[in-house]
Amino acid sequence: MTEPSTPLEDLLDLLDLERIEQDIFRGISRHALIPRVFGGQVAAQALVAAGRTVPEDRLAHSLHAYFLRPGDPRVPIVYTVDRIRDGRSFTTRRVVAVQHGQPIFHLSASFQTWEEGLEHQEPMPFAPDPLTLPAPAEMLARHADRIGGPAVVERLLRARAAVDLRYVDDPPFGSAGEPREPRSQVWFRTNGKLADDPLLHVCLATYVSDMTLLDSVLLAHGRGGWVVGDVVGASLDHAMWFHRPFRADEWLLYDQESTTSQGGRGLARGRIFTQDGRLAVSVIQEGVVRVPR
């Protein structure tokens, strides 16, 4: 009798795409809290597809993506990869995700061979040690009455069970009705060790990067978010730059802020630091953020 898989193993299976042609891959989806494919999933899967057509000595250094249509979690997603460029130092790939005969997502990714160069970075902001912060189950239980009770808490825990995600301050649903500075911080790491494949760690960070980035937009207006139901929204575009090596199974600080919201859209940017202070990733995302009529 085989033992049941862990949530992290299930997530890794989700990212292990089926190759159905040389540059065509197929992925499945997991049901999310909303009736569409989680944006971080499709972005991570598209990066997996791109990375599998690139030599192993070339590491992902940036991605730029557009969410075109809501994904249907009931059917597979087909990823087609175009080999745009293979240069001496850089490799560029374009990936289109298709469902029901229509593109739902578009990604351009660039990979680079390692080289030495000039180096500087902005300092890591202060944040408390992640182990001093409430674990997800404790944090969600504290706000159960705000988000619909124990059943919703259980659904949230299942949806994020592969990742240990710890908020430095209350999440948007914990302070709904009280506008705050449009800035938030979370620590995260996978709930289990990962293999040493650099692409895997980059793809896991891509997956997590879409979970909380628009929180800072909500905080500026005292909105509780999608769980509370006082806003509706979706990711529009997403860009990431991978600066330095990191491991997604070790604590990473995700420092996030929103610079503007207008016209039914909100812009947020984030920085991901290793626990020893190295700036590993920069992120920018714009999303639809609308108040229900």
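Biologist: Why is Glu-122 called partly exposed?

Modeller: In this predicted model, Glu-122 has a relative accessible area of 39%. Buried requires under 20% and exposed over 50%, so with 39% Glu-122 is partly exposed.

Biologist: What makes the contact of Arg-271 and Glu-122 a salt bridge?

Modeller: Their side chains meet at 3.0 Å, N to O. The criterion is a side-chain nitrogen of Lys or Arg within 4 Å of a carboxyl oxygen of Asp or Glu, and therefore the pair of Arg-271 and Glu-122 qualifies. The two residues are 149 residues apart, with Arg-271 in strand β11 and Glu-122 in the loop between β6 and α3. Salt bridges with shared partners also join Glu-122, Arg-183, Asp-255 and Arg-271 into one network.

Biologist: Is Arg-271 buried or exposed, and how do you know?

Modeller: Arg-271 has a relative accessible area of 17%. The limit for buried is under 20%, so Arg-271 counts as buried.

Biologist: Which class does Arg-93 fall into, and what is the class of its salt-bridge partner Asp-86?

Modeller: The closest N and O atoms of Arg-93 and Asp-86 are 3.0 Å apart. Arg-93 has 1% relative accessibility and is therefore buried, the limit being under 20%.

Biologist: What parts of the chain does the salt bridge of Arg-94 with Asp-82 tie together?

Modeller: The closest N and O atoms of Arg-94 and Asp-82 are 3.0 Å apart. Arg-94 belongs to strand β5 and Asp-82 to strand β4, so the bridge ties together parts twelve residues apart in sequence. In the whole structure, the search finds 19 salt bridges.

Biologist: Why are β1 and β7 called edge strands?

Modeller: Twelve strands form an open sheet with antiparallel pairing, in the order β1-β2-β4-β5-β6-β3-β9-β12-β11-β10-β8-β7. Strands β1 and β7 each pair on one side only. The twist averages 25° from one strand to the next.

Biologist: How do you know that β10 and β11 pair?

Modeller: Ten bridges join the antiparallel strands β10 and β11. Pairing needs at least two bridges, so β10 and β11 count as paired. Gln-262 stands opposite Arg-265 in β11.

Biologist: Which helix packs on the sheet?

Modeller: Helix α5 does, touching strands including β3, β9 and β12. Its direction makes about 145° with that of β9.

Definitions and conventions: Residues are numbered from 1 along each chain as its sequence is written. This is a predicted model: local features need pLDDT of at least 70, side-chain atom pairs count only at pLDDT 80 or more; totals for chains, interfaces and linings use all residues. Side-chain values use heavy atoms; hydrogens and water are left out. Helices (H or I, at least four residues) and strands (E, at least two) are DSSP runs, numbered from the N terminus. Buried means under 20% relative accessible area, exposed over 50%, partly exposed in between (1.4 Å probe, protein chains only). Axes are lines fitted to C-alpha atoms, for helices over the stretch in contact, and angles run from 0 to 180 degrees between N-to-C directions. Contact means heavy atoms within 4.5 Å.
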